[in-house]
Amino acid sequence: MTDRDKYRLLVPDGNVLAGGLLSVPILYRFSGPLDRVALSRALDRLADRHEALRTTYQRVGPRRLEEHVLPAGVHVPLNETAVTEPGEAERLIAARMAEVFDTGGLPFTADLYRLADTEHSLLINVNHRVTD
């Protein structure tokens, strides 16, 4: 994207849908002990290595966004949810994917679902801006 294109990026409103064609969901399943601190550090390091994962947008007009790259060292929130009911993880994952991305926030989210003491699912949902 050229500097000129950054200022011409058009969006329908202040939010960009996370679900559907505007996101790239990645779902991992872990069996065995999970070191949450190491996982959180790994997500932070991933963002450090990839500028696109630290790129946010600020509204500069009614239908325009301006790109901003955050410096390395950004903390990626790891949202954790304990799942207690059958099918609950699938419902929560689908709901999370249908949420909107905040254009001023990071272009990806990380959600960890604890299915049992040693069973976890990790949803990383990436905004299409990163992969386009």
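Trainee: Let me start with a side chain. What is the relative accessible area of E80?
Mentor: We call a residue buried under 20% relative accessible area, exposed over 50% and partly exposed in between, using a 1.4 Å probe and protein chains only. E80 lands in the partly exposed class, because its relative accessible area is 46%.

Trainee: What should I keep in mind about the model itself?
Mentor: It's a predicted model, where local features need pLDDT of at least 70 and side-chain atom pairs count only at pLDDT 80 or more, while totals for chains, interfaces and linings use all residues. Residues are numbered from 1 along each chain as its sequence is written, and side-chain values use heavy atoms, with hydrogens and water left out.

Trainee: Which residue does E80 meet in a salt bridge?
Mentor: The rule asks for a side-chain nitrogen of Lys or Arg within 4 Å of a carboxyl oxygen of Asp or Glu. E80 has such a bridge, at 2.8 Å from N to O. It links distant parts of the chain, 44 residues apart: E80 sits in strand β5 (residues 78–82) and its partner in helix α2 (residues 36–49).

Trainee: Where is the confidence lowest?
Mentor: pLDDT is the predictor's confidence in each residue, from 0 to 100. The protein's mean is 84, and 84% of its residues reach 70 or more. Helix α2 comes out highest, at 97, whereas the lowest mean, 43, belongs to helix α1 (residues 3–8).

Trainee: How many contacts does the stretch with pLDDT below 50 have beyond near neighbours in sequence?
Mentor: Contact here means heavy atoms within 4.5 Å. The stretch covers residues 4–19, and its number of contacts in the model is 42.

Trainee: Which elements do the buried residues of α3 pack against?
Mentor: The buried residues in α3 are E88, A89, I93 and R96. They sit on the same side of the helix, because they cover an arc of only 130° around the axis (taken from the directions from the helix axis to the C-beta atoms). The face turned away from them carries the exposed residues E90, R91 and A98. As for packing, the buried residues meet β2 (23–31), β5, β7 and β8 (119–127).

Trainee: What kind of aromatic pair do Y28 and F30 form?
Mentor: Rings of Phe, Tyr and Trp (its six-membered ring) pair if their centres lie within 6.5 Å; planes under 30 degrees apart count as stacked, over 60 as edge-to-face and the rest as tilted. The whole structure holds 1 aromatic pair. Here the centres are 6.4 Å apart and the planes at 20°, so the pair is stacked.

Trainee: Which side chain does H120 join through a polar contact?
Mentor: H120 lies in strand β8 and counts as buried because its relative accessibility is 1%. A polar contact is a pair of N or O atoms within 3.5 Å; within protein, one must be able to donate a hydrogen and the other to accept it, and residues adjacent in sequence count only if both atoms are side-chain atoms. At 3.1 Å, the partner is R36.

Trainee: Last one: how far apart in space are D117 and A82, C-alpha to C-alpha?
Mentor: D117 lies in the loop between β7 and β8 and is exposed, with a relative accessible area of 66%. In sequence, D117 and A82 are 35 residues apart, but in space the distance is 9.6 Å.

How values were computed: Helices (H or I, at least four residues) and strands (E, at least two) are DSSP runs, numbered from the N terminus.
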